[in-house]
Structures are given as structure tokens and as C-alpha cells.
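Got the sequence and the 3D view open? Let's take a walk through the structure together and stop at a few residues along the way.

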Amino acid sequence: MSAQLSRRRFLQLSSATALGATALSACGSGSGASGNQLTYWGAFASKDIETYFQQNFVDTYNKNAAAKALKVQMAVKQIDTLDRLTQTAVASGRGPDIIATSGPAQTLNYVGNGNLLALDAYVDELGWSSDLLPWALDAGRVDGKLYSLPSGYETMAVFYNPATLKEHGWKAPTTRAEFEALCTDAKSKGLVPVGAGNAEWKQATEWHVTWVWNTFAGPEALYEALTGKRRFTDAVFVDAIAALKGWFDKGWFGGSTDKYFTNKFATVYGQLASGKTAMIVNGSWTFSEIGPFFGKAAGNDATWDWAPLPSMNSGVPAGVQPLSIGTAYSLNKDCKHPAQAAAALDYFVSDPRRQLAWLAATGVAPAPARTTEADFPKNIDPRVKRHYVRLGEATDIGYTTWTFWPPKSETYLYEQMEKVLTGSLSPKDYCAGLDRLFQQELKAGKRPPVPSPKGA
């Protein structure tokens, strides 16, 4: 996932997870200069999501006793300009109190520039260690200090139309052999085996690098590479990229490599609903995007479901869940009211029932609050509930590139992978280039904390 907001994954941005790619501002001569309010900058995929957040997060916070000193006033910004506005404001000393990024890796850019305050003073005071999943909270630590707070968490899975699989006698794959057999059969019947495209968001390519490395190389190998005990030039990483390149060459992803670069997300979801695509491999953000293409909302009787990721190599179990922090939030070093801003963040991310109600109503990924069965609302889609119950209990964890890779390495991953797909860069050279860059960033302390693959 990712870099600063201009480089974050499109669907995460449009999901507006928790704070919704937003910022609070009460600094310098910015919009909160009067000192009597916290101004919140929000970007949302739809008016419905914006309205829900306004009513159930901002308005309810403002009625809360904790907000008596400083209330939140939300200003809605455009998704494609929010990052530029935030960066410009921070650089000029007038930036938002709370800086929004698309994950811990990109928070490091602000840490490196000396833009952030450490949040350690609020961990015990506001109970974040007990309220949030430990791996997610720890992902925001740099050199032992907490600089970012997670506000949305996700994983990846296989999404499919049950009627399509039944019609062709397929099942959601659990092994590489089953995956390749399904893709071969689907292609022979004129279907797109795996719906995919990056026309609207180039970073979508790293989603495929992520799930293939986690299911082919496996979490243990990735953990060793991320902690400097193994190199990305090892055969297991090169072979995984070569396999992905081979699947693209066969036209399994998006219909062809050329179509992959022109396919839009609406095309991918629409073809899944119409039975023209066998499956897609996507993230939890799918829950906030897929609804309009299925059932009554789309004028059809199609349904969807999801299954865990298959195993693409012997020794790697099926069902690995690559962990993802969809968005993260930090305090500007120039913030005049850090305690009040931290209290607002706490209200927005730490209550499990508020997070799961948000998930049930919008499909937007919740903050990684510790949850129990009783916290889930009765109206939540059982498919979504099953997904997050499993993720909350994860012991088969893996690693998303936008959460655990350093920022420059993460950018390299998706930019240079396009050259692999078009044949101008070999898998071996791609991995060698990544390894050189990663070793530099690892030595410089630019890699986010990495939890053990044994469990969250």
C-alpha cells in the first residue's frame, strides 16, 4: 500500500478508512488558527460514506465531553489534491495537527524530515496497547518511538461469483495446481481467469507482487528478507516473479498484459458479476467497492463471496493473510494542541463497536481495534464478518508491500514491475534492483517494524 496519499492505493483512498484519508488542522496560520477548533480534512468515495462519517464520528465526537475544549469541523477535500495540500501545509509550518499517510512505510518520510511528534505519551494514557491489535500498533514505531497510529487494517483474498464457479465445475483454488487448472480452463472458454487492471491506479500492480510473494516465497522467507537475513535476489523471490510474469504472458490477468494496463476497476467488478471473469485477487477494501455491481443495486441476481489465498508453492500453507495497515495517522511537530488532537484520534479509532458499525454500514476497513463476537452489529454482512473475525485471529500472517517495505523500495516494486510485465526487465534483474535499494534503506533505518510470521 504505500506511500504518501498521492501514491496510495486507489481503493484505500476511496474507502476513506476510519479518518478516511483525512487530516485535522489547528496549527500555525492554517484553518484552525483560531485555536478553538480542530479542522478535519476528509476525502470520501461517495456522499453516503461522507455523511456517515460526519454523523457517526465527527458529530458524535463533538457532543462528547472530551471535545468541549476543541471541537472538530470537517472540510471535505478532493482525493487527488489532499496529499499535495497536506505536504505543502506541513512544509510551510501550517500543516494539519494529524498527518494522514497510507501506511507506516510512508510515515517514515515525515519522520525523516523531522515533521512528527512521538505519540508514546498517549499510549498508556489513552489505552492504545489494550485497545489496538499489537502488531498494528507496533508497525508505527521507528527507533523504539511510536510515530503513527493505525486507522484501518486489511488483508488479501480471492473474490468470486459462486454461480460462475458452479456453472463451470470449479472451486476456489487452494493450491497452485488448482489455480493454474482453473485459469487454463477459463481462458479456453473465453473467460478472463483473473480480473485485474491498473489504469486508474498504477500501484495496483504491487497487490499482485504482494500476494504472489506471500503464497510462493512464503511468510518465513519474506520475514528473513525484511529483517536482513536473506536477500531478495534469492531464487524463491525471483521464481515467484517469473511465475507471475508467465501468468500475465498467458493472458490470465485482465485478459492480456495490454488490457491490464487499460482495465478500470468498474470493468473488473462488472465482469466478475456478469460471469465473464472467474475470480479476482484483491484486498479487504473490496467490501466497500463491490456492492454496486451485484444484486438489486446492479439490476441482476449475481452474488459474490471470498476465499483465503491459495498456496503457490510446497511448504507454504494455504490461507496466508498478508497484514496491511490501510492508513496511519501522526501528530505534526508544530501542533499547538497535541493532547486534544490525540484524544480526537482515540475517539475515531479505538472503539471496536464504532469501528464495526462503520464496517457494516459502508464496507470501509475498520481500525485494528480488539474485538469480540459481541462487538459485531447484527446487520453486518456475514461474509464481511467472517473475513474480519479470521483476520482478527490471524496466526498465518504475511506481509503487504505497502505496510512493511521502506518507501523507496515500495515505489520501486510497482514502478519496475511494469517493466517486467512488458518484457523490458527480467525477473532476476528486477529482484536485484530491489535488493540493492532495500539494503540501503534497511541500513538507514527506513524499514517499518516487522512482526513475527508466527502470529499477530
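This is a predicted model: local features need pLDDT of at least 70, side-chain atom pairs count only at pLDDT 80 or more; totals for chains, interfaces and linings use all residues.

Let's start with Val192, which sits in strand β10, a stretch covering residues 192-195. Is Val192 buried or exposed? Its relative accessibility is 13%, and because anything under 20% counts as buried, Val192 is buried. So what does Val192 touch, once we skip its neighbours within four places in sequence? The list is Trp252, Gly254, Gly255, Gln271, Lys276, Thr277 and Ala278. Now find Gly112, which is 80 residues away from Val192 along the chain. The C-alpha atoms of Gly112 and Val192 are 44 Å apart.

Next up is Thr362, which you'll find in helix α16, made of residues 352-362. Thr362 is buried too, with a relative accessibility of 14%. Zoom in on the side chain of Thr362 and you'll see that it reaches two backbone atoms: the oxygen of Trp358 at 2.7 Å and the nitrogen of Val364 at 3.1 Å. Setting aside neighbours within four places in sequence, Thr362 is also in contact with Ile49, Tyr52, Phe287 and Ser288.

Finally, the cysteines. A disulfide is a covalent bond joining the sulfur atoms of two cysteines. How many disulfides does this structure hold? The count is 0.

Notes. Residues are numbered from 1 along each chain as its sequence is written. Side-chain values use heavy atoms; hydrogens and water are left out. Helices (H or I, at least four residues) and strands (E, at least two) are DSSP runs, numbered from the N terminus. Buried means under 20% relative accessible area, exposed over 50%, partly exposed in between (1.4 Å probe, protein chains only). Contact means heavy atoms within 4.5 Å. A disulfide is a pair of cysteine sulfur atoms within 2.5 Å. A polar contact is a pair of N or O atoms within 3.5 Å; within protein, one must be able to donate a hydrogen and the other to accept it, and residues adjacent in sequence count only if both atoms are side-chain atoms.
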